[in-house]
Amino acid sequence: MITRSVRSLARGLAAKLKPKPPITMLDYVEKYGYITSPSDGRQKWYTRPCQRDWFLAPTDPAVQCMVCMKPSRVGWSEYVKFVIQFFTDWRPSKIMIVQPTDDEVKKYSDEDIETMFDPAHGAPRLKNLLSNKKSRTSLKNTYNYKRLANGAIIDLRHAGSAGSARRVNRNPVLMEEPAAYPQLSEGDTLQLFLQRAGTAVDPFFTIGGTPVHPNDYMEQCFKMGDQQYRYYPCPHCGHYQELMTRDAWQRFIKEGEHAGKLMCEKCTNPETLSPLIEYRHLRTMDEHAGWACPREGVDRSKQILDDEGNPIWRSQQFGPGMSYHRAASWSELARRYRNAHAQLRMGNPDPMQVFHNTDMGIPWEPAQASRITAEGLAKRQQDAAMGNGYPWRQEDTWHLPRGVLLVTIGVDVQGGGGSQGEGLRVHVWGWGFGEESWHVAEFEIDGDPTQFETLDQLNPVMAKAWIREDGAQIPAALGAIDEGGLATESVRRWCAARVGRWIPVRGLPQPKAELLGKGVPVDFNAKNQAARQPGRDLMYYSVGYERSVNHWATQLNIKAPGPGYVHIGRDTSSQTLAELFPWKRTPVSSKSSVRHWSLPAGAHDEAGDCRRYAYAALLKLARNYASSDVMWSRWQRQALRSINPDPPSESKPALQLSGKRPGGFVTNW
Ligand SMILES: [Zn+2]
């Protein structure tokens, strides 16, 4: 429509030129905020009391970063969209939004950003700001980079791209779901993105997401802030308390007729369970609630402070049941907890992990994984009563305690072709009846694994006869070497000349992949037929990642010597102790309830990988025997023959093995 009235034209022009008044983002959102979604269309936004601080943070000069550690469905994604709207419409800026993966960037761009800027159904004030047509002056906007009509920029990145991208000044920077960010070889993922705010005078960040395991990026961010919790007045006595976060969770009734209600810290009688705080009180309580930093029990060491020592990051722990519009009601929460708990009792920790992360918004680790720590393994190393810390006397020169019947080697291959840190990591493991195991030795071999002279340094390790406490000499029966990296070809060729002593193995990520797959013949191409030994074709073997890590966790959790127990020797290094089991259960993507084993940022798993490969070698050997008993007897006879070539009684190996160890543990043979 063309405006013909000069007066209205002038008024329109004046309105455009008038500087925008300095309002808070909360004022802006209350006035102009609409929620836009592809499914529900456009609705006026209403800021709930528990959310108000988020909206005050971006325009508060005292706050550099707003961090929210939260369960799902608390309105944070709406908040993030309003930050984008405010910093494109009201204060046109160069925004960076960081999502965990490129797929999530695409999805966010296609669904959330496009909907917000949709001329028909989007936010009214954003109409016509985003054009997806190529214009004369600029290139067509893409899914990860959008230049708006007013000069504002929306730059979408995925967390894997922090290092490779060229340095650009962006402010504000919005980071979503940091718990799902990968570790980058260039350095700390989080810091790299924070540096993108570059030289901004008044940088502002928002970081929000669901934590997964203790000390992941989400929890680290929370700890960088002032660590606020929300305090609610009891509807009966007015006493301010947390709802279901931290210690308050103990007061939440999970079963029985009062399930889904909360005991007041002060006025509930524990005998009669009266009065109780109920979900229906929440709305009124929230209007009178406030955020505060607890005086005690809070880690202040990681906080980001200004020159005067005050925290400039605001961080809030959003608890379960704080939100009363889209989140689950309290009775629903109690029901979900009971279901997860029932599953946990049956040995499946995943629903409980989901419950803690997405319903409660707190980090959690199943006991199975959290019990295995470097500190715990260091303690085990000292526990001679359980047969650890061998050899026990300084003057002992043997390598293997009496229970060891055979030895295998696991080799992890690092880099290749001149890359940094390239080389081989070698761990030797001893095995006894029922897969009881002993860490025997560890080596680091520097050099390019694509070169035979590097791989050849494994020869003496394989040739070595390991001495047992009783004098028996036990050479390694088989070695398994990782062929998955840059050195596949050279590892295969090297193994091809050593069939029967070494097998190439490669990890398979599929959850159902077998612990040790069937052998697959290696097909060297025709011109290199010379590498083949007729009749002794080389096979490689897959090692199912999920299953082998599960199996390893199960063995590490066995508490007493006997089948499956893992012994740690005196010479096992602290680095190895830290690397033996670094894995955590995490969601396969930031929105998924499916869990898998993953390596946390900054952790190393080389020793654990070597162990998994050494175990793969044991499994491969076991295939040659009718039963594991037959196998263990055979290896024991062979070991004893090394002491006495003509043993008087081959039929009773058990009698020869039995005996007390320093700790009083009788070999379970
Ligand atoms: Zn009360």
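Here are some worked exercises on the fold of this predicted model.

Residue numbers count from 1 along each chain as its sequence is written. Since the model is predicted, local features need pLDDT of at least 70 and side-chain atom pairs count only at pLDDT 80 or more, while totals for chains, interfaces and linings use all residues.

**Exercise 1. Get an overview of the protein chain.**

Step 1: count the elements. The secondary structure comes to 20 helices and 25 strands. Helices (H or I, at least four residues) and strands (E, at least two) are DSSP runs, numbered from the N terminus.

Step 2: check burial. Of the 669 residues, 41% are buried, meaning that 20 or more other C-beta atoms lie within 10 Å of the residue's own, with C-beta atoms placed from the backbone.

Step 3: look at sequence separation. Take the contacts between residues at least 6 apart in sequence: 69% of them join residues at least 24 apart. A contact here needs C-beta atoms, placed from the backbone, within 7 Å.

**Exercise 2. Work out how α2 packs on α4.**

Step 1: get the geometry. Helix α2 (residues 25-32) and helix α4 (residues 76-90) pack at about 95°, and their axes are 11 Å apart. Axes are lines fitted to C-alpha atoms, for helices over the stretch in contact, with angles from 0 to 180 degrees between N-to-C directions.

Step 2: classify the angle. That puts α2 roughly perpendicular to α4; the class covers 65 to 115 degrees.

Step 3: list who touches whom. Met25, Tyr28 and Val29 from α2 meet Phe82, Phe86 and Trp90 from α4. By class that's six nonpolar, no polar and no charged residues. Ala, Val, Leu, Ile, Met, Phe, Trp, Tyr, Cys and Pro count as nonpolar, Asp, Glu, Lys and Arg as charged, and the others, Gly among them, as polar.

**Exercise 3. Trace the seven-stranded sheet.**

Step 1: write the order. This open sheet runs β5-β6-β4-β7-β8-β3-β14, with mixed pairing. Strands pair if DSSP finds at least two bridges between them.

Step 2: find the edges. β5 (145-147) and β14 (313-317) each have a single partner strand, so one side of each lacks a neighbour in the sheet. From one strand to the next, the twist averages 10°.

Step 3: zoom in on one pair. Six bridges join the parallel strands β4 (residues 94-99) and β6 (residues 153-158), and Ile97 has Leu156 in β6 as its bridge partner.

Step 4: α4 lies across β3 (65-69), β4, β6, β7 (173-176) and β8 (205-209), at about 160° to β8.

Technical notes:
Parallel < 35°, antiparallel > 145°, perpendicular 65-115°, else oblique. Contact = placed C-beta atoms within 7 Å. Buried ≥ 20, exposed ≤ 12 C-beta atoms within 10 Å, placed from the backbone.
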